[in-house]
Amino acid sequence: MEQKSTSGLEFSVPSHASMVEQCPLCEFIFPTHENLVFHMMESHPTQCPIETTKEYEKLSITESDKLFIYHLKICSLLMLTFMGLAYVYAFVLVG
Amino acid sequence: MKGNFLFKHVSQLFFSITLGVCFLSNSVVAHAGGLPLTNEPAIIPTWLFVLTGGVIIGISFLFVSLVTQRQLIDKINGYHLSLPLPRLPRLNTPILTLVSVFLLLYTILLGFIGPQNPTSNFAILFVWVVWWAGYTMTVYLFGNTWEQLNPWKSLSTILPTLNLSYPSKLGSWPASVGLLFFILIEVGSDITYSPYLLSCVLLFYTVLTLLGSFIYGSDTWFKNADPISKFFRYYGAVSLLTYSNNSINIHLPGTKIMNKTNDAGPPAGHQVLFIITILFITTYDGLISTQFWNSKIIFPLLSFGIPILIIHFIFLLFGHGLFYAIYHYAILIMHRLSSTYISIQSLNMQFAVSLIPIAAGYHLAHFTGYLLTFFPAFFSTILHPLQPPMFYPNHLPFWISIFTLIFILLGHICSVWISHCISFKLFSGRLQPLRSQYPLIFVMILYTMFSLWIVTSPSV
């Protein structure tokens, strides 16, 4: 199924899709309810019903935890990259 | 499931890189990082230098990943430094039109009657040094002025028109083909050395452009089919400056696209192809000037008796297709990683603009030395168009080469940022936009390494 949102984006929903959530305000289509809640609070914060706001607060806490872990991984990766590059430079310049 | 999918693709890509590095190392390590404008050997081998470039792009993505608040992203994109615009007398449009048309006719004339030595001919130096290298830089740095300066557009407005409707199916195809054809004759013929041939091509382009605007109307032709106008329009979209009535605003490159204040906008489907063409031609222009490309690819093929134009034609078609395929493949993986219902075609269109700063950075790196070397010769041809003094190019200082490398990295870092902003506009939450960027960032890292290899390879 193909559809266009008011923002001009085209959507392609697979025929076997189990869940289709659509933003009532801009016709944006999402595969999960969580995505829809995030979208509504991020794109239409003043037009959201209270239930959505409460749902967003819950989901936001869970996502913040995941994001914290993600950022820890990013910091570790940054450190590893710097160390790795420093080692490579050391080996090349000494050798 | 997603992890297996990612692992499979990442391992495939790493395998391809390893093969690529093995293939290229023989020649590259032998040259050990000699920079094109100097004979000074670099301290580190080329492979490490190229690897460092890739790592810098990877690190820039990691740093950008720490910015996940949409308000902060909007604040950064909205930030600009306003400087008061001095009250200068406004240039009259008819005068600009007259000057640009005069320069076109003067260039064509001097191509025919001027000295046929390329470094002494006004036409060669004006077209390749001032316009193709220097003027293009002003467009992506300061903004697109081609709409006002385009001599062909000025000429077309005084001619009658049939105003036939432009076939929508054609889209940007004529512009993409025109740009590829332009590069084909640039690299496959003597147009950069022969003033006579350059003037012939300019005349041919003038006739073709005026014919196109006669059939479809000036505005339609230059908006859809003219390769040069489209080329400058896209470069202008990433410029650092915008102008208001009394001030000049300096902002991050690409914020015009983010804030939708440019006329290029998010490109339509067929225009993605044109952006890929811009990126590809700048790369190919650099690639063909490397010793590696000439000694390992071009000369062996020439020894089989294949004409140089055919060789370049095949590589242009193949390379352009390859660039498009890599970009499209990255978008396909992005579509699967982000679990979105936004169509692949829409993602293709939205992310294409993030490639323009890469092309701009590469253009700046490739042509800065060229512009600085030959600009003094152009001055001589202004003063003595028919008998300029002999020109002896000076070697540029070492630090110019360092700047060219910085320009490439800056172009890529800007692209990483633009891609990050687009992801946060399209995908909801904070983790989904970050994860969606992996494939494109990976392609950018590979492309940075490839670009750095080109500019550090000894040129012919």
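**Figure 1. Salt bridge between Arg70(B) and Glu42(A) in the predicted model.** Arg70(B) pairs with Glu42(A) in a salt bridge, with 3.2 Å between the closest N and O atoms. The structure shown here and in the other views is a predicted model. The elements that give two or more residues to the side of chain A that touches chain B are β2 (10–12), β4 (29–30), α1 (33–43) and α2 of chain A. Among these, α2(A) gives the most, with 17 residues. Sorted by class, this side of chain A has 23 nonpolar, 7 polar and 4 charged residues.

**Figure 2. Interface of chain A and chain B.** Contacts across the interface involve 34 residues of chain A and 29 residues of chain B. About 2900 Å² is buried between the two chains, and 71% of this area is on carbon and sulfur atoms. There are 12 residue pairs in polar contact across the interface, counting pairs with both residues at pLDDT 80 or more. The number of salt bridges between chain A and chain B is 2, while the count over all chains is 5.

**Figure 3. Salt bridge between Glu63(A) and Arg430(B).** The side chains of Glu63(A) and Arg430(B) form a salt bridge with an N to O distance of 3.2 Å. Glu63(A) belongs to helix α2 (residues 50–94) of chain A, and Arg430(B) to the loop between α18 (398–426) and α19 (431–436) of chain B, so this pair joins two chains. Which of the accessibility classes does Glu63(A) fall into? Glu63(A) is buried, at 9% relative accessibility. Arg430(B) has a relative accessible area of 13% and is likewise buried, because the cut-off for buried is under 20%.

**Figure 4. Salt bridges around Lys153(B).** Lys153(B) is in a salt bridge with Glu147(B), and their closest N and O atoms are 3.1 Å apart. Lys153(B) is buried at 16% relative accessibility, whereas Glu147(B), with a relative accessible area of 31%, is partly exposed. The side chain of Lys153(B) also meets that of Asp219(B) in a salt bridge, at 3.9 Å from N to O. This distance passes because the rule asks for a separation within 4 Å. Asp219(B) lies in helix α10 (residues 218–225) and Lys153(B) in helix α7 (residues 151–157), both of chain B, so the pair ties together parts that are 66 residues apart in sequence. Asp219(B) is exposed, at 55% relative accessibility. Through salt bridges that share partners, Glu147(B), Lys153(B), Asp219(B) and Arg233(B) are joined into one network.

**Figure 5. Surroundings of Thr209(B).** Thr209(B) is placed in helix α9 (residues 195–216) of chain B. Thr209(B) has 1% relative accessibility and counts as buried. Which residues are in contact with Thr209(B), leaving aside its neighbours within four places in sequence? They are Trp152(B), Trp221(B), Phe222(B) and Asp226(B).

Figure 6. The largest nonpolar core has 139 residues. Those that touch the most other members are Trp131(B), Trp132(B), Phe231(B), Tyr235(B), Tyr284(B), Tyr327(B) and Phe351(B). Helix α5 (residues 122–142) of chain B gives the most to this core, with 16 residues. Apart from its neighbours within four places in sequence, Trp131(B) is in contact with Phe126(B), Thr136(B), Trp146(B), Phe182(B), Ile228(B) and Phe232(B).

Figure 7. Asn163(B) is not a glycine, yet its phi is positive, near 55 degrees. Asn163(B) sits in the loop between α7 and α8 (173–188) of chain B and is exposed, at 54% relative accessibility. Ser339(B), also a residue other than glycine, has a positive phi of about 45 degrees. The loop that holds Ser339(B) runs between α15 (308–337) and α16 (344–352) of chain B. Ser339(B) is partly exposed, with a relative accessible area of 36%.

Definitions and conventions: Residues are numbered from 1 along each chain as its sequence is written. Chains are lettered from A and ligands numbered from 1 in the order in which they are written. This is a predicted model: local features need pLDDT of at least 70, side-chain atom pairs count only at pLDDT 80 or more; totals for chains, interfaces and linings use all residues. Side-chain values use heavy atoms; hydrogens and water are left out. Helices (H or I, at least four residues) and strands (E, at least two) are DSSP runs, numbered from the N terminus. Buried means under 20% relative accessible area, exposed over 50%, partly exposed in between (1.4 Å probe, protein chains only). Contact means heavy atoms within 4.5 Å. Buried area is the accessible area (1.4 Å probe) that two parts lose on being put together, summed over both. A polar contact is a pair of N or O atoms within 3.5 Å; within protein, one must be able to donate a hydrogen and the other to accept it, and residues adjacent in sequence count only if both atoms are side-chain atoms. Ala, Val, Leu, Ile, Met, Phe, Trp, Tyr, Cys and Pro count as nonpolar, Asp, Glu, Lys and Arg as charged, and the others, Gly among them, as polar. A nonpolar core is a set of buried Ala, Val, Leu, Ile, Met, Phe, Trp, Tyr and Cys residues joined through side-chain atoms within 4.5 Å.
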